[in-house]
Amino acid sequence: MALSSVLQSESADFSFNNDRSFSFGCRFGQTNLGFGAAPGDRLNFAIKASLGPDDKDGPERKIEFLHGTTTLAFKCWINFSVAERNHQRTASKATNFSSQEQLALLNQPAIPFVIIPQFQHGVIVAVDSRATAGAYIASQTVKKVIEINPYLLGTMAGGAADCSFWERLLARQCRVYELRNKERISVAAASKLLANMVYQYKGMGLSMGTMVCGWDKRGPGLYYVDSEGNRVCGDLFAVGSGSMYAYGVVDSGLRQDLSVEEACELGRRAIYQATYRDAYSGGQVNLYHVHSEGWTRVSQEDVLKLHHQYQEPKK
Amino acid sequence: MSIYDRAITVFSPDGHLFQVEYAQEAVKKGSTAVGIRGKDIVVLGVEKKSVAKLQEERTVRKICALDEHVCMAFAGLTADARIVINRARVECQSHRLTVEDPVTVEYITRHIATLKQRYTQSNGRRPFGISALIVGFDYDGTPRLYQTDPSGTYHAWKANAIGRSAKTVREFLEKNYTDEAIATDNEAIKLAIKALLEVVQSGGKNIDLAVIRRNQPLKLLESKEIETLVAEIEKEKEDEVEKKKQKKST
């Protein structure tokens, strides 16, 4: 009944279930992708997760991303003047400037160092592409970023079916909104629609942890929405079993003055490091960049190739 | 013809929905309301019906706020208007909750019009007997004025009037709504008063006025302010008459 009301209703209506207590068992930043990951339990990748008679690796085992995922999105400052100067330098494998290089750049009087104000934010979205069913790798080439419309992206972590179904439904709602109101839907509204849709099914076994990323008239937008009913706005999220490793890399490398390429490289590196250590993440790194004109697919790179790229210089 | 006007859901052979048209007649019996869209201000003026001696004046207001930045005036059945206004107010807040943005004037007008249309196409209900003038500012600062009627249609207007003698007022507005006439906020307010004075009997006492300025909430003008403005208008009229006399004599 809830689904039919979602499909038929003109406006997203949500039924408020008063019996359910709101448990914020998961801390912000810790992955809580619904059932299977108990709050406070840090060993997400060790727990099996499925409904009903489980613990058997059999044909009934459903394919899910739940513990085989690393998805990552962060807002970044895009300093275009630094990007210009990067073109002059040779492509570097390392993402960090050495302090001497930076000084050299600043001393060049010919190119003015202009700091572009806040509205030049963009959002970098990086995901892996592995799907697992228990210990079996179901696929190495899954698309975990769904293109809702030319300026909105959604990432997928959790149950494969749940994510793709609900995000496609969200795409439908967004399009209807656009037609009715003659203007694009905002990222806040799109994420709210999704959150309200899945909240009607809270407790019924949906497993979905998604990030809605986009650009609207308020600038860049990044929201984390999951099947528990969480909807959080933020500057940086990593979701999935490999999220801890990704957080480590991004947190140490994130700066205010990253250029587009540097930010992309940071995202790529973060996902690579996550796939290196997490058994349930792997495949390719898909990278998207969301800017004022919409989103662009930056790159798709195989993790093995990245491995050679990053490990070679060390030998 | 009369056999086709009982049920709302029945068309007449020549394509009329009589109940809807009768509802529009009910609107024409209501007291006049006028709306004007200025550059930085939107004005709503209504004719106040004279109250009985013992009645408290402030119980029934014909101008109601739907949200901070939108308000409406109506003409027709007051009870019907109360229902429509309640639904519109709830929808304004629902929109803020689900979309995290205030409603645009067009959105809430469309919602009210859809509500009215639903009542022209269901069993056992009659149409709402009101026309509404909905004014406000959008999120981006554009002023808007919309009018809805019992059939569920809505249109945007620069200036409009509904209710008794709406035709007279509209003709006045068509003649006098110019860019100079709405150049300043004060001028726009005076234009609304002038339009109402055409049809209202005894001057400033029977006029209720409300304005919304950009980024400011609805403001209902007090009777003293209205009296002052009416006096200004009367003086301007007299000055004009004198000027014409002088021209003729010279």
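Reader: In β10(A), what is the bridge partner of A:L72?
Author: A:L72 pairs with A:A238 of β10(A). Please bear in mind that this is a predicted model.

Reader: How many bridges join β1(A) to β10(A), and in which sense do they run?
Author: Four bridges join β1(A) to strand β10 (residues 236-239) of chain A, and the two run antiparallel. β1(A) also pairs with strand β2 (residues 122-127) of chain A, again in the antiparallel sense, over six bridges. In that pairing, A:K75 has A:V123 of β2(A) as its bridge partner.

Reader: Is β1(A) buried or exposed?
Author: Six of the six residues of strand β1 (residues 71-76) of chain A are buried, so the strand is largely enclosed by the rest of the structure. Both of its faces are covered. A:T71, A:A73 and A:K75 are buried on one side, and A:L72, A:F74 and A:C76 are buried on the other.

Reader: And chain A as a whole: how many helices and strands?
Author: Chain A has eight helices and 12 strands. Of its 315 residues, 52% are buried. Its accessible surface comes to about 15300 Å², and carbon and sulfur atoms account for 55% of that.

Reader: What share of the contacts in chain A join residues at least 24 apart?
Author: The share is 68%, taken among contacts between residues at least 6 apart in sequence.

Reader: Turning to charges, how many salt bridges are there over all chains?
Author: A search of the whole structure finds 28. One of them, in chain A, is formed by A:R268 and A:E301, at 3.6 Å from N to O. This pair links distant parts of the chain, 33 residues apart: A:R268 is in helix α7 (residues 260-277) of chain A, and A:E301 is in strand β12 (residues 294-302) of chain A.

Reader: Are A:R268 and A:E301 buried or exposed?
Author: A:R268 is buried, with a relative accessible area of 11%. A:E301 is buried as well, at 15%. For both, the value falls under the 20% cut-off for burial.

Reader: What about A:E147 and A:K143?
Author: They also form a salt bridge, with the closest N and O atoms 3.4 Å apart. Here A:E147 counts as partly exposed, at 33% relative accessibility, and A:K143 is partly exposed at 45%.

Reader: Which residue does B:R213 bridge to?
Author: B:R213 forms a salt bridge with B:D185, and their closest N and O atoms are 3.1 Å apart. B:R213 lies in strand β9 (residues 207-213) of chain B and B:D185 in helix α5 (residues 185-197) of chain B, so the pair ties together parts that are 28 residues apart in sequence. B:R213 is partly exposed at 26% relative accessible area, and B:D185 is partly exposed at 22%.

Reader: On to the nonpolar core. Which residues in the largest one touch the most other members?
Author: They are B:I36, B:V43, B:I189, B:I193 and B:L209, in a core of 31 residues. Several elements of chain B each supply at least two residues of this core, among them β1 (33-37), β2 (41-47), α4 (166-176) and α6 (223-249). The largest share, eight residues, comes from α5(B).

Reader: What does B:I36 touch?
Author: Leaving aside residues up to four places away in sequence, the residues it touches include B:I41, B:L145, B:L173, B:Y177 and B:A192. There is also a second, separate core of 28 residues, which includes A:Y151, A:L152, A:V198 and A:V212.

Reader: Finally, the interface. How many residues of chain A are in contact with chain B?
Author: 15 residues of chain A are in contact with nine residues of chain B. The two chains bury about 1100 Å² between them, with 41% of it on carbon and sulfur atoms. On the chain A side, A:N181, A:K192 and A:R218 lose the most area, together 35% of what that side buries.

Reader: How many salt bridges are there between chain A and chain B?
Author: The count is four. In one salt bridge, the side chains of B:E100 and A:K192 meet at 3.5 Å from N to O.

Technical notes:
Residues numbered from 1 in each chain as written. Chains lettered and ligands numbered in written order. Predicted model: local features only at pLDDT ≥ 70, side-chain atom pairs only at ≥ 80, totals over all residues. Heavy atoms only, no water. Buried < 20%, exposed > 50% of the residue type's maximum accessible area, 1.4 Å probe, protein only. Core = buried A, V, L, I, M, F, W, Y, C linked by side-chain atoms within 4.5 Å. Contact = heavy atoms within 4.5 Å. Areas by Shrake-Rupley, 256 points an atom, 1.4 Å probe, with all protein chains shown as cover. Pairing = 2+ DSSP bridges. Buried area = accessible area lost by both parts, 1.4 Å probe.
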